[in-house]
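Open the model in your viewer and keep the selection tool at hand. The stops below go from one chain pair to the next.

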Number of protein chains: 4
Amino acid sequence: MLRIENFKSIIDQYNIIFFDAFGVIKTYQGLVPGIENTFAYLEQQQKEYYIVTNDASRSPTQLAASYHKMGLTAITPERIVSSGMLTKEYLDLKVRDGIVAYLGTENSAHYIESSGLQTLPVSQINEGNIDKVNALIFLDDEGFDWCADLNKAVNLLRKRTIPVIVANTDHAYPVSVNNVSIAIGGLATMIEKIVGKEFIRFGKPDSQMFMFAYDLIREYRPISKKEIVMVGDTLHTDILGGNKFGLDTVLVLSGNTQPTDVDTRITATGIVPTYICDSAVVDLGGFNF
Amino acid sequence: MLRIENFKSIIDQYNIIFFDAFGVIKTYQGLVPGIENTFAYLEQQQKEYYIVTNDASRSPTQLAASYHKMGLTAITPERIVSSGMLTKEYLDLKVRDGIVAYLGTENSAHYIESSGLQTLPVSQINEGNIDKVNALIFLDDEGFDWCADLNKAVNLLRKRTIPVIVANTDHAYPVSVNNVSIAIGGLATMIEKIVGKEFIRFGKPDSQMFMFAYDLIREYRPISKKEIVMVGDTLHTDILGGNKFGLDTVLVLSGNTQPTDVDTRITATGIVPTYICDSAVVDLGGFNF
Amino acid sequence: MLRIENFKSIIDQYNIIFFDAFGVIKTYQGLVPGIENTFAYLEQQQKEYYIVTNDASRSPTQLAASYHKMGLTAITPERIVSSGMLTKEYLDLKVRDGIVAYLGTENSAHYIESSGLQTLPVSQINEGNIDKVNALIFLDDEGFDWCADLNKAVNLLRKRTIPVIVANTDHAYPVSVNNVSIAIGGLATMIEKIVGKEFIRFGKPDSQMFMFAYDLIREYRPISKKEIVMVGDTLHTDILGGNKFGLDTVLVLSGNTQPTDVDTRITATGIVPTYICDSAVVDLGGFNF
Amino acid sequence: MLRIENFKSIIDQYNIIFFDAFGVIKTYQGLVPGIENTFAYLEQQQKEYYIVTNDASRSPTQLAASYHKMGLTAITPERIVSSGMLTKEYLDLKVRDGIVAYLGTENSAHYIESSGLQTLPVSQINEGNIDKVNALIFLDDEGFDWCADLNKAVNLLRKRTIPVIVANTDHAYPVSVNNVSIAIGGLATMIEKIVGKEFIRFGKPDSQMFMFAYDLIREYRPISKKEIVMVGDTLHTDILGGNKFGLDTVLVLSGNTQPTDVDTRITATGIVPTYICDSAVVDLGGFNF
């Protein structure tokens, strides 16, 4: 475990950088100040980069648009790998027909639509269509009535033996400097326990996320895992998942993990990043484009 | 494990009967048909009985009134031991002043009020009063906005290190022949996991419930645990808790546990009742008052 | 939460003191230096005291003898409440005949013997006696071959639907300044998960331990929970259990919880003692017997 | 979910077959009778096949030799993907130098050896070498003293913040018609709980196992997940993992899952195979080579 002063020296050692989004590139307040330098340097050095994010609330196109709106144009839809994309791949491969019920916003449902499948909010399940529901997806914590629709989801799963996909495994996410919000992954875990069934989870630390990004690159050139470094702010998802997939990892202290307790948390969890760096911001001091 | 035809023969062997409420005396449809015979026989035989229930939604007085309304006058407030009463005892002993925040109905909050304590729904916590909140109680799944107030409870527990009491440990409860509803115990377990703290739970199978009922009797006469039998419909709460407290136990098949899978579930869980009986209804055939 | 300089001032406020044993009265090195002053002061002030310990390895008589050997004669067998005693009470009330199989030393098995029951180490279970085994008890991590006998216990529970009692819920215990040992509670939890059944656990934080001690006193005089304080070194067992039972609690820093991380751990777990004190040693400075 | 009479009709629909080993190809008694027909048919039809197994006790070469000894020569080392191979890949990529401590047999340790790394049984860790231990691997339940070495592993992890790899995630495995044995995965979970750290697990249902087999094929020709079917006897590992990776799945009833409870278990777990078939044996009736 090495403490690194300038994120630039990490970029210099690898050909491909995987970034977590929240806590690394942006926070609830907008972009991490100076992060545009990092992407300018990546472009200048002709390094490849991908955003690997536990987010199923919007499509890669919508996610990229939100970065553009904040002034970061380097992040295009092709550079985004989200847990929502793995959910869509699962539906394409494994659910042949019928209805896919979901908890989330219409936006989140829109982009998981597959040929032959109809998406339906859980609130609209009724006696007439319940027998055609062939999967249930937990997409987003917004867009539905928690009390009515979580209860409806429980009763759906008591009546129908169908696959359940959790498209975002996070249990909570920050909404302001002091407050968090319960995420769809937390709600899904509660319901899994109540119905006693086993759900399918996509999202870091699961290796399928990393594999998906890895395969995007392999399609046009051979690579080795040694060329890649994963950058994240959360030990339990970004670092554990990156390590397990065989990647080098950088823990940045601009999000979930605070400088004051980084050592305690590494010792307590046994999850050790290859490097620790204050942030993913490249310090351009003395550097000429 | 003995199969018993007529619940009457169980009453004849014990001096004191503890009954679970839901699934034993009543269901979502009202009283279990014929259960009034059981209480008539108990009175006639001068047996003692108590209702031991994981219910913090209403006071014993209100619970008794609801039985009276259904036509069962034998159940008086003094005969009811609820997980809400243990919560009140905890507050009396352990929380000296300030505000007790709660999730539940006003009814549920009313009877846990203690001298020196102010109860406040979680929805009304604000920056001006949060520092006076000295406990959080999960009382009932009704009476609040799940999305807004569960998130508020999470953030309260991130800011204040206070005891949290779960006054009903059930994770779900039946609301019709085919449907269940998520109970406050299920919501509490989700939040406990998200905040990473350890909550205090009152309710079967915890022995404090049985001890409370036991002490009510001991106050006026000496007893032995051998005089008592616990009657319930749920292996995991009524039977496990009764067994652990050292009581004989009867599993009745009028609620949670179905006749078709009782053997499978006993083998799967390893929780073995002393007796199994179709219901707690006394068959009066050939019996004259 | 109050920081207390001298444990004497705590004794002065209560009539009855419950002590945890390990980390409070003794450590792996012997008695906590000066602890004899505490018991001298208790006797001089005519306070009552009990040792409430998660220990099923030896009988109260043997436990008391071990204190006498170290020079502490104030602890007599009648003052000891152990999780082994609750196990014995359970067997007396709930297991009527046959064989009680156990994992532990012969010493640990000896004192749980009840009339009508034969104890048998798991290693001696065979095809001829397995059908008479009516309970399995996890007593101690010593006295058996872990590999052979844990596997034998798993297979016993696959063949026989019987109650399983865990007589010591601790998962690990200190054996030297730097090392711990896996305790029988940790082994039991592994086996519970493998066989998928639900075991009965006696030991703090479960309230049945506190109730047992409470009842010993009530037998000869009426008491209130407000007269009692529980003293322990472990948040998760002594303090959580004491709090839940309605007692005031003292966390001492002479065992499991270190002065350097006491605040972090209280915040992290949400388990708050009434007082924190360096140790349970009474400082006799300026005090005359 | 389709019930299939003859496994031959499944082979006819796919180009690549992944087989679980235990309960599908062999049992504790030797080869599943008739399974050689399946491999003869696969060869005759020029289908590809791989054995995907949670086994880290021996190298692929040794595993293949054990099939040859039983008379099944179709299984060569290149056709075997084991959780031990993923462990070796992890060490190659992530542990650069020092000692890798392990629990298991010498055989199991031998093939995870990597350049620059020394393997050492946990029993041989001492004060002189503990600081050079850079990883701990749980390989096999045999080859060590459970009591001494599991305790030693706990204390190693209290002193050193290092990655821990569990090379076989199973918690138990069958050793005879009536008996199971605790597997290294069960022991690892106990220790993970005691030390409170997060271990890395390789083995089904984790997708990294499936990805490894998938990549072996992709190296020499392009494939689609739709060409592959996974055949296994265990819902929780083979079927859940195969489904999640996007493969069609066959549950065979020759191992862990019995014909009498297959429906109950599918409903209880919510894990649904694409097909159910009595066994993976091809019925050659009326079929001419």
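Predicted model: local features only at pLDDT ≥ 70, side-chain atom pairs only at ≥ 80, totals over all residues.

Residues are numbered from 1 along each chain as its sequence is written, chains are lettered from A and ligands numbered from 1 in the order in which they are written, and side-chain values use heavy atoms, with hydrogens and water left out.

Stay with this pair and show the contact residues, 21 from chain C and 21 from chain D (contact means heavy atoms within 4.5 Å). Chain C and chain D bury about 1900 Å² between them, with 65% of it on carbon and sulfur atoms; buried area is the accessible area (1.4 Å probe) that two parts lose on being put together, summed over both.

Next, color helix 6 (146–159), strand 12 (180–182) and helix 7 (184–195) of chain C, the elements that give two or more residues to the side touching chain D. Helices (H or I, at least four residues) and strands (E, at least two) are DSSP runs, numbered from the N terminus. Helix 6 of chain C gives the most to that side, with eight residues.

Superpose the two chains: chain C can be laid on chain D with an RMSD of 0.0 Å by a turn of 180 degrees and a shift of 0.0 Å along the axis, using least squares on the C-alpha atoms of residues with pLDDT of at least 70 in both. The two copies are thus related as by a two-fold rotation axis. Of the interface residues of chain C, 100% are also interface residues in chain D, so the copies meet through the same surface.

Now select chain A with chain D. Here 39 residues of chain A are in contact with 39 residues of chain D, and the area buried between them is about 3200 Å², of which carbon and sulfur atoms give 49%. In chain A, Lys94(A), Glu198(A) and Lys244(A) lose the most area to chain D, together 21% of what that side buries.

How many salt bridges are counted between chain A and chain D? The count is eight. To look at a salt bridge, zoom in on Lys225(A) and Glu89(D), whose closest N and O atoms are 3.8 Å apart.

For the last stop, find Thr274(B) in the loop between helix 10 (262–269) and strand 16 (275–277) of chain B. Is Thr274(B) buried or exposed? Thr274(B) is buried, with a relative accessible area of 18% (buried means under 20%, exposed over 50%, partly exposed in between, with a 1.4 Å probe and protein chains only). Among the residues that Thr274(B) touches, not counting those up to four places away in sequence, are Met1(B) and Lys94(C).

Note on methods. Salt bridge = Lys/Arg side-chain N within 4 Å of Asp/Glu carboxyl O.
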